[in-house]
Amino acid sequence: MNNEQIKLRSMIVTALFAAVIGVMAQMVIPIPPVPITGQTLAIGLAATILGAKYGTFSVLLYLMIGAAGVPVFAEFSGGFSTIIGPTGGYLIGFIPAVFIMGLYMEKTAFNFLHSMIANTIGMLIALVFGTVWLKIAADMSWLAALAGGFTPFIIVGLIKAALAAWIGVLVRKRLQSAKLLLPTEYTAKKSA
């Protein structure tokens with residue numbers, strides 16, 4: 001199999017991950033003002049499996065599909081109004097989170113320890129973006145925004161980070177052995 005075929009397969013896997021994020025976004029525990037969803041687990045899986053470049057592409061594709069009105073955001077919502085709404089900061093925070101998670105693993109290793117560290121960092125990035133935006137968009141005090149948009153998600157976020165690290169590393173190894181993923185740009189340079 002040549003690099004063009006592997007690249008095409010990587011792009012297909014990237015598009016599939018955008019769909020996986022949309023499906024996992026529907027796993028919701030509805031607590032106000034911000035529900036707990038499977039989105040962050042899916043974002044962690046995307047970064048762990050696909051790395052910085054393709055993980056970020058999958059998140060961008062997911063956000064574009066949702067912004068266009070397809071109901072792929074939590075609780076079958078969609079549209080640009082969701083992105084600029086009170087919980088939109090979490091969605092936007094997924095972009096730097098997945099990129100930084102993937103980059104961290106590319107520069108260290110795609111193993112459980114580094115994936116757990118990366119996913120924890122990514123969780124914190126998304127929570128900070130989301131909390132700041134929640135405070136602004138919902139005109140809340142900092143204390144209320146932290147209490148409603150940050151603190152309740154720390155323990156659940158750590159559990160999702162561990163799951164993303166464990167499952168992601170296993171799936172990544174299997175996809176690479178099946179030649180469905182290109183080596184990441186950084187790891188390709190390291191091995192050259």
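# Cavity, pocket and ring contacts

Analyst: At least two residues of the lining of the largest cavity come from each of H2, H4, H5 and H7. Helices (DSSP runs of H or I, at least four residues) and strands (E, at least two) are numbered from the N terminus. This is a predicted model, in which local features need pLDDT of at least 70 and side-chain atom pairs count only at pLDDT 80 or more, while totals for chains, interfaces and linings use all residues. Residues are numbered from 1 along each chain as its sequence is written, and side-chain values use heavy atoms, with hydrogens and water left out.

User: What makes a space a cavity, and how many of 30 Å³ or more does the structure hold?

Analyst: On a 1 Å grid over the protein atoms alone, a cavity is a set of points where a 1.4 Å probe fits but cannot get out, whereas a pocket is an open set with protein on both sides within 12 Å along at least five of seven lines; lining residues have an atom within 4 Å of a point. The structure holds 1 cavity of 30 Å³ or more. The largest cavity has about 130 Å³ of space, a volume being the space filled by probe spheres set on grid points joined across faces, edges and corners. Its lining has 15 residues, and Thr40, Gly44, Asn119, Gly122 and Met123 lie nearest the centre.

User: Which residues lie nearest the centre of the largest pocket?

Analyst: They are Val34, Pro35, Thr37, Gln39 and Tyr90, out of 22 lining residues. Elements giving two or more residues to this lining include strand S2 (36-37) and helix H2 (39-67). The largest pocket holds about 370 Å³ of space.

User: Why is the pair of Tyr54 and Phe57 called edge-to-face?

Analyst: Rings of Phe, Tyr and Trp (its six-membered ring) pair if their centres lie within 6.5 Å; planes under 30 degrees apart count as stacked, over 60 as edge-to-face and the rest as tilted. The centres of Tyr54 and Phe57 are 5.9 Å apart and the planes are at 80°, so the pair is edge-to-face.

User: Why does Tyr54 count as buried, and why does Phe57 count as partly exposed?

Analyst: Buried means under 20% relative accessible area, exposed over 50%, partly exposed in between (1.4 Å probe, protein chains only). Tyr54 has 11% relative accessibility, so Tyr54 is buried; Phe57 has 41%, so Phe57 is partly exposed.

User: How do you know that the charged end of Arg172 sits over the ring of Phe110?

Analyst: The requirement is NZ of Lys or CZ of Arg within 6 Å of the ring centre and within 35 degrees of the ring normal. The charged end of Arg172 is 3.6 Å from the centre of the Phe110 ring and is listed as sitting over that ring.
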